[in-house]
Amino acid sequence: MQLSKRILLRARGAFRRPGVSWGSKLRIGRAVALTGPVTLGDRVTLYRNVEIEGPVTVGAESFLNRDCYVRPEVTIGERVNIGAFCRLVTDTHDIGGPHRRAASPTRHDPIVIGDGAWLGVGVTVLGGVTIGAGAVVAAGSLVRSDVAPNTLVAGIPAKLIRSFDDSEAAGDVPLTG
Ligand SMILES: CC(C)(COP(=O)(O)OP(=O)(O)OC[C@H]1O[C@@H](n2cnc3c(N)ncnc32)[C@H](O)[C@@H]1OP(=O)(O)O)[C@@H](O)C(=O)NCCC(=O)NCCS
């Protein structure tokens with residue numbers, strides 16, 4: 001739970017809110033906004049302008065690039081890479097009558113992202129979706145149904161492109177985005 005003074009300064013108040021906990025070697029950019037309860041594992045990286053409203057868990061060694069928007073009831077596994085400008089949007093409404101189609105109340109349908117998954121830049125995931133471990137979601141996709149583990153999906157809405165044969169996998173080198 002030890003943060004260096006430099007990192008604390010960069011956090012600019014993100015941790016003044018109650019209910020935020022983190023592991024060792026957190027890396028955090030400027031203007032990150034965390035509303036607890038948020039649990040960050042060891043060696044998590046949050047680039048600038050990431051906004052997370054809990055309850056949210058981010059597993060060890062996961063990486064959220066700049067401007068990711070993460071809503072309540074999201075569970076992100078370990079070694080997950082989430083590209084810039086992704087949106088994990090659990091909020092939804094029943095469809096109401098014509099006076100206000102977004103009927104009250106707002107609810108949060110959970111999102112789960114499995115270990116090792118990779119979401120490219122600008123992906124949107126809607127509530128109720130589980131993205132399996134080792135899956136890849138191509139840049140710009142909209143995910144509204146579950147993604148099987150170790151598959152590549154792409155598009156709006158995201159569709160299966162192929163399954164991975166992991167004998168062909170690239171090295172286990174951490175990605176940067
Ligand atoms: C998915 C990705 C990794 C490519 O993987 P790949 O296995 O090399 O896939 P291919 O390029 O062979 O494409 C396979 C199919 O998926 C489609 N596809 C790939 N990326 C797509 C995308 N972002 N949106 C829609 N379709 C896509 C291709 O058009 C192709 O379809 P086709 O077979 O009908 O022609 C790459 O397109 C991508 O999205 N990378 C993310 C980059 C990024 O976000 N970087 C910043 C954060 S790290």
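**Strand pairing, burial and backbone geometry in a predicted model**

Q: With which residues is Thr-45 in contact, leaving aside its neighbours within four places in sequence?
A: In this predicted model, Thr-45 belongs to strand 5, which covers residues 45-46. Apart from neighbours within four places in sequence, the residues in contact with Thr-45 are Arg-27, Ser-62, Phe-63 and Leu-64.

Q: Is Thr-45 buried or exposed?
A: A residue counts as buried when its relative accessible area is under 20%. The relative accessible area of Thr-45 is 6%, and therefore Thr-45 is buried.

Q: What is the strand order of the open sheet of eight strands?
A: The pairing within this open sheet is mixed. At its edges stand strand 2 (27-28) and strand 22 (159-163), each of which pairs on one side only. The order of the eight strands is 2-5-8-11-16-19-21-22.

Q: In which sense do strand 16 and strand 19 pair?
A: Strand 16 comprises residues 118-119, and strand 19 comprises residues 136-137. Trp-118 stands opposite Val-136 of strand 19. The two strands are joined over two bridges, and the sense of their pairing is parallel.

Q: Which residue of strand 21 is the bridge partner of Val-136?
A: Strand 19 pairs with strand 21 in the parallel sense, over two bridges. Val-136 also stands opposite Trp-118. In strand 21, the bridge partner of Val-136 is Leu-152.

Q: Over how many bridges do strand 21 and strand 22 pair?
A: Strand 21 spans residues 151-154 and runs antiparallel to strand 22. Among the facing residues, Leu-152 stands opposite Arg-162, and Ala-154 has Lys-159 as its bridge partner.

Q: How many of the five residues of strand 22 are buried?
A: Strand 22 is an edge strand and pairs on one side only. Strand 22 lies largely in the open, because the number of buried residues among its five is zero.

Q: What phi does Gly-155 take in the hairpin of strand 21 and strand 22?
A: The hairpin has four residues between its strands. The phi of Gly-155 is positive, near 105°.

Q: What is the omega of the peptide bond from Ile-156 to Pro-157?
A: Pro-157 sits in the loop between strand 21 and strand 22. Most peptide bonds are trans. The bond from Ile-156 to Pro-157 is cis, with omega near -10°.

Q: What is the omega of the peptide bond from Gly-36 to Pro-37?
A: Pro-37 is placed in the loop between strand 3 and strand 4 (38-40). The bond that joins Gly-36 to Pro-37 is cis, with omega near 0°.

Q: What is the C-alpha to C-alpha distance between Leu-26 and Arg-43?
A: Leu-26 is in the loop between strand 1 (20-22) and strand 2. With a relative accessible area of 1%, Leu-26 is buried. Leu-26 and Arg-43 are 17 residues apart in sequence, and their C-alpha to C-alpha distance is 5.0 Å.

Q: How far apart in space are Gly-29 and Asn-49, C-alpha to C-alpha?
A: Gly-29 occupies the loop between strand 2 and strand 3 (33-35). Its relative accessibility is 6%, so Gly-29 counts as buried. A sequence separation of 20 residues divides Gly-29 from Asn-49, whereas their C-alpha to C-alpha distance is 7.3 Å.

Q: What is the phi of Glu-61?
A: Most residues other than glycine have a negative phi. Glu-61 lies in the loop between strand 7 (56-58) and strand 8 (63-64), and Glu-61 is partly exposed at a relative accessible area of 40%. Its phi is positive, near 65°.

Q: Where in the chain is Glu-73 found?
A: Glu-73 has a positive phi of about 75° although it is not a glycine. At 36% relative accessibility, Glu-73 counts as partly exposed. Glu-73 is found in the loop between strand 9 (69-70) and strand 10 (74-76).

Q: Which percentage of the accessible surface of the chain belongs to carbon and sulfur atoms?
A: The accessible surface of the chain comes to about 9600 Å². The part that belongs to carbon and sulfur atoms is 52%.

How values were computed. Residues numbered from 1 in each chain as written. Predicted model: local features only at pLDDT ≥ 70, side-chain atom pairs only at ≥ 80, totals over all residues. Heavy atoms only, no water. Pairing = 2+ DSSP bridges. Buried < 20%, exposed > 50% of the residue type's maximum accessible area, 1.4 Å probe, protein only. Contact = heavy atoms within 4.5 Å. Areas by Shrake-Rupley, 256 points an atom, 1.4 Å probe, with all protein chains shown as cover.
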